[in-house]
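Let's take a walk through this model together. Have the viewer open, and follow along as we go from a loop to a helix and on to the core.

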Amino acid sequence: MEQNILSSAWLILSKDSSRVFEKIIDDLSDKYNTTPFSPHITIWGAVEAPLSIVERVAKESVKNIKPFSIEIEKIDYSSQWSKTLYIQLKINEELMEIYNR
């Protein structure tokens with residue numbers, strides 16, 4: 001029987017967008033002595049399932065999805081570890097399609 005793993009799924013930004021956000025993240029990480037991270041869009045987080053299922057669902061989630069643009073709704077922060085600083089996106093058709101698959 002395949003063992004469950006804890007996983008999350010991210011969408012990665014274009015190279016140009018990623019560079020902009022990496023600079024901001026790195027500067028804030030230096031300023032507040034925290035660990036930098038790669039800019040990403042979290043589709044799901046903290047899901048526990050067998051790796052084979054995670055891989056299948058992740059591949060199906062983005063199957064036939066072409067690159068698309070996103071709009072920022074707001075930049076915010078919270079005390080939640082995984083959302084210390086985050087950008088809330090305006091929901092669009094592509095994000096909903098990926099999420100609902």
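**From a loop to the core**

Asn33 sits in the loop that links helix 1 (15-32) to strand 2 (40-50). Keep in mind that we are looking at a predicted model. As background, most residues other than glycine have a negative phi. Asn33 also counts as exposed, because its relative accessibility is 73%, above the 50% cut-off.

There is a second residue of this kind to look at. Asn64, in the loop between helix 2 (51-62) and strand 3 (72-77), has a positive phi near 65° and is likewise a residue other than glycine. With 65% relative accessibility, Asn64 counts as exposed.

Does the length of helix 1 agree or disagree with what its residue count predicts? At 1.5 Å a residue, its 18 residues should span 26 Å, and the end C-alpha atoms lie 25 Å apart, which agrees. The buried residues here are Ser18, Ile25 and Ser29. Viewed down the axis of helix 1, they fall within an arc of 40°, so they line one face of the helix.

The C-alpha atoms of Asp30 and Leu51 are separated by 34 Å, with the two residues 21 apart along the chain.

Which residues make up the largest nonpolar core? The set has twelve members: Ala9, Leu11, Leu13, Ile41, Ile43, Trp44, Ala49, Val54, Ile65, Leu89, Leu95 and Ile98. Strand 1 (4-12), strand 2 and helix 3 (93-100) are the elements that give two or more residues to this core, and strand 2 gives the most, with four. In soluble globular proteins, nonpolar side chains tend to be buried together.

To finish, zoom in on Ile98, one of the core residues. Setting aside neighbours within four places in sequence, Ile98 is in contact with Leu11, Ile43, Ser61, Val62, Ile65 and Phe68. Among these partners, Leu11, Ile43 and Ile65 belong to the core too.

Key. Residues numbered from 1 in each chain as written. Predicted model: local features only at pLDDT ≥ 70, side-chain atom pairs only at ≥ 80, totals over all residues. Heavy atoms only, no water. Buried < 20%, exposed > 50% of the residue type's maximum accessible area, 1.4 Å probe, protein only. Core = buried A, V, L, I, M, F, W, Y, C linked by side-chain atoms within 4.5 Å. Contact = heavy atoms within 4.5 Å. Expected span 1.5 Å × (residues − 1). Arc of directions from axis to C-beta.
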